[in-house]
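Colleague: I'm new to this one and would like to learn how to read it. Could you take me through it step by step?

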2 protein chains.
Amino acid sequence: MKLYDGGRAPNPRRVKVFLAEKGITVPVEPVDLGKLAHKSPAYTAINPLQRVPALQLDDGTIITESIAICRYFERLHPEPPLFGTDAKDMALVEMWERRLEFHLLGPVSHIFRNSHPAMKDMEVPQVPAWAAANRPRVMDFLALLDGELKDRRYIAGDRYTVADITGMIAVDFMKPAKLAVPETLGNLKRWHAEVSSRPSAQA
Amino acid sequence: MKLYDGGRAPNPRRVKVFLAEKGITVPVEPVDLGKLAHKSPAYTAINPLQRVPALQLDDGTIITESIAICRYFERLHPEPPLFGTDAKDMALVEMWERRLEFHLLGPVSHIFRNSHPAMKDMEVPQVPAWAAANRPRVMDFLALLDGELKDRRYIAGDRYTVADITGMIAVDFMKPAKLAVPETLGNLKRWHAEVSSRPSAQA
């Protein structure tokens, strides 16, 4: 088994934080995004969509998409459960994980890719108006999330889950996207400080 | 239990096709998107993100996000399996489901929302340049998918899965987004005709 990794980029980091929470070690093959190694013919043969991470199983099967990779490990190593426990809890974890993807990590990524000078050759064409349209949406969602975290320790309930991993990494990704969590969102800041203090956050 | 539905809109339809494949009947509460009922205070209390569908359980719990709702039903009614069978198969189904969301349904939705006159009051501001940037990405992904379907009956293997539901609905959503599958993509057309001929496609 081998994990094709992209360093500190948000999606590979989601898988590495997840593995750290599970206490699983997987051999890693670095893919140098700065040198566009993910667009090389060799890596394109692994993932035609030219994205990291990708997990290669011992039988050669390639699994891409961070959450698909995480759920694969959840099945092999169920403890601690990071995707929920029973049907309802699992649905709520997935609901929050997806809300964070579609309303935070996704929009922050769109802002970064469509406004950061370093992405000029990666996101063609950059559409600055799309970055601008997403900034207020991110702020609206952060305010909603702050309200949710008023009465809950973690995003999907009393237990740390994969939704917290996506959330932490989305908030961290705001920095290169030149966005900041407003100081008034105290619940969100408390939650982010707590999840960031876990050893897994160093992954 | 009650499903808040949005008629033929892509996301509610994903859940209804899934339920039809499972042979499950759930009471439906229509939400009239044309009259912006999803933005009403009553519906905002159900889903603060103002999106359909939403599933209300008998204990009052609200589950949103189409795939979270589908997976909830998969746990309660495992047959026929639509999210895969073992760890590897489940990972491949989720990988393809997500590839179709992020590289087809999502971009088609962005094109529709940012270019269709009917969305002018829903997507504010519309960014036509973002719609234009996504058109070639959709075409590139369709070509990739056509190649994948050369040797496979369904998107994630020999069995119909939730990835086929997302794929069928994404292709159907191309029409209002004023996009068409190129005639040259014969494998994709064969697959779309087959999944569209299933009784569930009428949902």
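Colleague: Let's start inside chain A: how many residues of domain 1 are in contact with domain 2?

Modeller: Contact here is about side-chain positions: two residues count if their C-beta atoms, placed from the backbone, lie within 7 Å. In chain A, nine residues of domain 1 touch ten residues of domain 2. Helix H1 (10–22) and helix H3 (66–76) of chain A each supply at least two residues of the domain 1 side, and H1(A) has the largest share, with seven. By the way, helices (H or I, at least four residues) and strands (E, at least two) are DSSP runs, numbered from the N terminus.

Colleague: And what classes of residue make up that domain 1 side?

Modeller: Six nonpolar, no polar and three charged. Ala, Val, Leu, Ile, Met, Phe, Trp, Tyr, Cys and Pro are nonpolar, Asp, Glu, Lys and Arg are charged, and the others, Gly among them, are polar.

Colleague: Before we go on, what should I know about the model and its numbering?

Modeller: It's a predicted model: local features need pLDDT of at least 70 and side-chain atom pairs count only at pLDDT 80 or more, while totals for chains, interfaces and linings use all residues. Residues are numbered from 1 along each chain as its sequence is written, and chains are lettered from A and ligands numbered from 1 in the order in which they are written.

Colleague: Now the sheet in chain A: in what order do the strands lie?

Modeller: Strands of a sheet pair through backbone hydrogen bonds, either parallel or antiparallel. Two strands pair if DSSP finds at least two bridges between them. In chain A, four strands form an open sheet in the order S2-S1-S3-S4, with mixed pairing. Strand S2 (28–30) and strand S4 (62–64) of chain A stand at the edges with a single partner strand each, so one side of each has no neighbour in the sheet.

Colleague: Can you show me one parallel pair and one antiparallel pair?

Modeller: For parallel, take strand S1 (residues 2–5) of chain A, joined to S2(A) by three bridges; Asp5(A) stands opposite Pro30(A) there. For antiparallel, look in chain B, where three bridges join strand S1 (residues 2–5) to strand S3 (residues 54–56), and Lys2(B) stands opposite Gln56(B).

Colleague: How are the two chains related to each other?

Modeller: To compare copies, you superpose them by least squares on the C-alpha atoms of residues with pLDDT of at least 70 in both. A rotation of 180 degrees with 0.0 Å of shift along its axis puts chain B on chain A, with an RMSD of 0.0 Å. The two copies are thus related as by a two-fold rotation axis. Within chain B, Trp130(B) comes closest to that axis, at 3.1 Å (C-alpha).

Colleague: Which elements of chain B touch chain A?

Modeller: In total, 29 residues of chain B are in contact with 29 of chain A. Strand S4 (62–64), helix H3 (66–76), helix H4 (87–115) and helix H5 (128–148) of chain B each give two or more residues, with H4(B) giving the most, ten. The chain B side divides into 19 nonpolar, three polar and seven charged residues. And 100% of the interface residues of chain B are also interface residues in chain A, so the copies meet through the same surface.
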